Amino acid sequence: MIVNPDKHTSGPWKYSNRNWRNEETESGWYITGDHHDSIEENEDGQEVATPTCVSVAIVPRNSTSHPICEANARLIALAPEMLEALREASELLYSIYDHGGYSRAGWVYEQCREVLRKLEG
């Protein structure tokens, strides 16, 4: 599988409700991402990447926790976008703090950096 420099499947990720084994009791949300398996030439002779669906996670559901499971799947599917937003916020906060900005910006920046360190390993 092709991974990005962050060592995870590139975003965007999507979630969809699916049944497996055609049983209502064994259904849930699949979180998937795309990666490009192969490069092929189209009819115009241009190279085109063929996307392939990659399974990122499965969130099973049951009748008592259906809304919670869907919310968890949605949260997982947004992870690449949240990571990018956190990086952008971190850079902005650092620039404010670095140029004599508010001390709160420095504290929030440190919180963002700590989460990024955990995410990036």
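Residues are numbered from 1 along each chain as its sequence is written, and side-chain values use heavy atoms, with hydrogens and water left out. Because the model is predicted, local features need pLDDT of at least 70 and side-chain atom pairs count only at pLDDT 80 or more, while totals for chains, interfaces and linings use all residues.

**Colour by pLDDT.** pLDDT is the predictor's confidence in each residue, from 0 to 100. The chain has a mean of 77, and 77% of its residues reach 70 or more. Among the elements (helices, H or I, of at least four residues and strands, E, of at least two, taken as DSSP runs numbered from the N terminus), helix H1 (residues 66-77) has the highest mean pLDDT, 86. The lowest, 77, belongs to strand E2 (residues 27-41). Where pLDDT is low, predicted coordinates should not be read in detail.

**Select residues 103-120.** This is helix H3.

**Select Ala105, Gly106, Tyr109, Cys112 and Leu116.** These are the buried residues of H3; buried means under 20% relative accessible area, exposed over 50% and partly exposed in between, with a 1.4 Å probe and protein chains only. Viewed down the helix axis, they fall within an arc of 125° (taken from the directions from the axis to the C-beta atoms), so they line one face of H3. Turned away from that buried side is a face with the exposed residues Ser103, Arg104 and Lys118.

**Select Glu114 and Arg117.** Their side chains form a salt bridge, 3.3 Å from N to O. The term requires a side-chain nitrogen of Lys or Arg within 4 Å of a carboxyl oxygen of Asp or Glu, and the whole structure holds one. The two residues are three apart in H3, which means about one helical turn separates them. Glu114 is partly exposed at 33% relative accessible area, and Arg117 is partly exposed at 43%.

**Select Cys69 and Cys112.** Both cysteines are buried, Cys69 at 8% and Cys112 at 9%. A search for disulfides (cysteine sulfur pairs within 2.5 Å) over the whole structure finds zero.

Glu88 sits in helix H2 (residues 79-98) and is partly exposed, at 47%. From Glu88 to Cys112 is 24 residues in sequence and 9.9 Å in space, C-alpha to C-alpha.
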